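User: Hello! I am new to this structure and would like to learn how to read its features. Could you start with how helices cross?

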Amino acid sequence: MNWWTPQVAATLIAMLQAVVILLAVVLAGALLSMFERRLLALWQDRYGPNRVGPLGLFQIVADMLKIFFKEDWIPPFADRTFFVLAPAIAMASLLLSFMVIPITPGWGVADLNIGILFFFAMAGINVYAVLFAGWASGNKYALLGALRASAQTLSYEVFMGLALMGIVAMTGSFNMRDIVNSQENLWFIVPQFFGFCTFVIAGIAVTHRHPFDQPEAEQELADGYHIEYSGMKWGMFFVGEYIGIVLISALLVTLFLGGWHGPLLPPIVWFLLKTAFFVVLFVLLRAALPRPRYDKVMSFGWKVCLPLTLVNLLITGAMILLIDPAA
Amino acid sequence: MTAADETSIANTAASTRSGAERDSDDVVAELTRQLGGDRVAPQETLTGMPVIWVPREQLRDALNYLRRVSGAFSMLYDLSAVDERLRTQRRGLPPADFTVFYQLLSVERNADILLKVALTERDLTLPSVSDIFVNANWYEREVFDLFGIDFAGHPHLTRIMMPPTWHGHPLRKDYSARATEFDPYTLTVKGQEVEQEALRFDPEAWGMKREGEETEFMFLNLGPNHPSAHGAFRIVLQLDGEEVVDCVPDIGYHHRGAEKMAERQSWHSFIPYTDRIDYTGGVMNNLPYVMAVEKLAGITVTDRAKTIRVMMAEMFRINSHLLFLGTYLQDLGAMTPVFFTFTDRQKAYEVIEAITGFRMHPAWYRIGGTAHDLPKGWEKLVQGFVDWMPKRLAEYEKAMMENAIVRDRTRFVAAFTTQDALDWGVTGPNLRATGLDFDLRKARPYSGYENFDFEVPTAANGDAFDRGMMRIEEMRQSVRILQQCIDHMPAGDYKADHPLTTPPPREKMLQHIETLITHFLQVSWGPVLPANESLQMIEATKGINSYYLTSDGSTMSYRTRIRTPSFPHLQQIPAVMRGGFVPDLIAHLGSIDFVMADVDR
């Protein structure tokens, strides 16, 4: 048993943790599809899927069975390589981002010093999923969707990064754990309120959630970039979107709401509760709002959000210098 | 409302009507003088407007004159044709194999005029009038498609209802109406390819460029299957990025030949087909049809029947507007309101179902009345609905129409002026959204609307937002009308005591053999209506809907022309959409409130 060293044990535990978190996230993403439908139904005066199993909980099983056994079809006019690659990128890039999120003091996949930057990188890669899907589908609606997606994501990622720089400046670190730990007394939502607002907006935009679902805009582009997808490939976009919701919610919790910090309840419960709060908020937004026009979304990003983040960054910097000029 | 009020309103209505008649006599005399009297022949009909036969060479002069005369007939309300070749009762009419008719409407005079042009089989050509009335474009294409009549000088004379590969002209009398008279339908793979290829959009045929100065345009098929096309409607967009450079609406995917079917159904058995014209309008569609039939038959409907008809028509107006509101907001990306409006529609359907026995297509009006009397306890049901609606309407207005995004998406989008609207034949709420107060229920009261106290809402900008608000306001007014129906439902019979009332009152059927035979003949062959022509226009859910019936003294209609509001509304789309963005187009499509069955018939 000489190979059983503490390092091996630690590695195994870390791997196990990683697998558990991965499964939990994928499962949460899949379950969210059911959860969202029930929630929307609640706000829309109807029942939603409530027939399969208790409270309709097994609906997700039925959906998955259906989606797994659907014909895996690629349109003859599509560019096969990129057509297949796109959904994989969509799901993988967001899943990988989860790596940097510290769930509790003891749980988390990786403790990277460039945590935030890693997330930005992955979000950047995520654009390619939409681009590839839109281009490779050989469909004009998909192309328009991809155009919208790339323009929107590029503009919103600009200030999404800037929105978090205030936090980085205050913490002095890109490491997520450091950020959570420095919120023990005061959550960053208070000093970084504008950063919080803009990051929420950017987060919705990056996940293509309503009202920033311009790339899919069912009423306009008839589902946009994934119009030609079906079966499990479409399912990966679908679950990818929900993972995106969970990811952005978890990020918001980690960066602005003190992560696992909270009185009485154990850290994991606090983390989950806070994340669930944002997930519900995402769904509520979808139920409540109409969709602004695409060019207005763009100008809102450049003309309102970007200046706001810059001003926020300026004030944060000034405050830091004022309080602690030595730093 | 007091009895005195009622009389005074009735008097005003009567005086405006007779005033309008005087005016139109003048205009007919003047027109006859202008065109050189001898070749212009008036025709006596029951259409309620002067009908004048004009020689082909003078048609354009006549239309030009009427369009410019003071109190101008500024709207080409309808244009279609009649195949006269099998018509037996045409005493006193100029000889004709085909007749093309032009109905012009003057809002100023609140009067119409109908011009007819006789054509012979050997020479089926007319000058196009699409340069005088822009909206003649589609109407002429329709006549060309269904009758095979040529319009010289038309910018794009192609089929509009039937597929481009079609043979024959369906509304001609020598064109069979029954599937059994045709060979069985087959479609081979090759045939399918030919059909599909025929639908491929050819920009050059429409005078469009494929490339601009620095850009290559994208031609995008929006429809015939698209979530926001509201049915089988196709509109081809010429796009520069997301900007709509130009667009070409393509209709006909929902064409079922309702006008042809009318020529094969008895007067009575055509009623259910009318329900399916504007399929969100339910019994509202029955109204112009049965009223036109009643004019031919000379039936005066009882006050109770009239009020019941108004009540159910207004129920369906609310129902249709609710559907509009839900889908309009959904087209703007708000997914929730449609579920709420469907809850309300369910409430409406509960009432409709209890009264008529059906939901969407009750086909409940009859020649001479309605199918049944109101059931016991109907007041409570309708009252429940009347009490339910106002707070819901207030909620929609607050939650959605005051929403900044909704306003941003719809204000000043696809706006047009009253003049544009009249030029394009736009009627109904879309016309009133431009600020013109023209509602047939007030302007030309029918079915007892003169007895009701309600307002005609108007707006000012004529944009997509106003068109949305108009519907909410109209629902409020309809709720008022419903309340008055509950409070003042006249007593009496629900069917007119007239030999042509169909089916005849049952109590009278079992008295002796004569009444039994009459009943039997009326329900088996259908009633025989005297030869004449009649027309009834009503303010339907989406605009002015009318049935122009030609009877040849038979159990069936000789020609049924169904003028629907949605047809011109769609024709107008390119005129207001050029330069807009794709999302604006979607907002506009949502705000028009059309159903394809109402366009294609």
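Analyst: Gladly. A crossing is left-handed if the near helix is turned anticlockwise from the far one by less than a right angle, and right-handed if clockwise. Helices (H or I, at least four residues) and strands (E, at least two) are DSSP runs, numbered from the N terminus. This is a predicted model, where local features need pLDDT of at least 70, side-chain atom pairs count only at pLDDT 80 or more, and totals for chains, interfaces and linings use all residues. Residues are numbered from 1 along each chain as its sequence is written, while chains are lettered from A and ligands numbered from 1 in the order in which they are written.

User: Which hand does the crossing of helix 5 of chain A and helix 11 of chain A have?

Analyst: The crossing of these two helices of chain A, helix 5 and helix 11, is left-handed.

User: How do I describe two packed helices?

Analyst: Use the angle between their axes and the distance between the axes. Axes are lines fitted to C-alpha atoms, for helices over the stretch in contact, and angles run from 0 to 180 degrees between N-to-C directions. Here, the axes of helix 5 and helix 11 of chain A come within 9 Å and cross at roughly 15 degrees. Helix 5 of chain A is therefore roughly parallel to helix 11 of chain A (angles under 35 degrees count as roughly parallel, over 145 as roughly antiparallel, 65 to 115 as roughly perpendicular and the rest as oblique).

User: How many residues of chain A are in contact with chain B?

Analyst: Two residues are in contact if their C-beta atoms, placed from the backbone, lie within 7 Å. By that rule, 22 residues of chain A contact 26 residues of chain B. On the chain A side, the elements giving two or more residues are helix 5 (140-171), helix 8 (218-221), helix 10 (267-288) and helix 11 (294-323).

User: What is the strand order of the five-strand sheet in chain B?

Analyst: Two strands pair if DSSP finds at least two bridges between them. The five strands form an open sheet in the order 1-2-5-4-3, with mixed pairing. At its edges lie strand 1 (41-43) and strand 3 (75-83) of chain B, each pairing on one side only. From one strand to the next, the twist averages 25 degrees. Strand 2 (residues 51-53) and strand 5 (residues 111-119) of chain B run parallel, joined by three bridges. B:Ile52 has B:Leu115 as its bridge partner in strand 5 of chain B.
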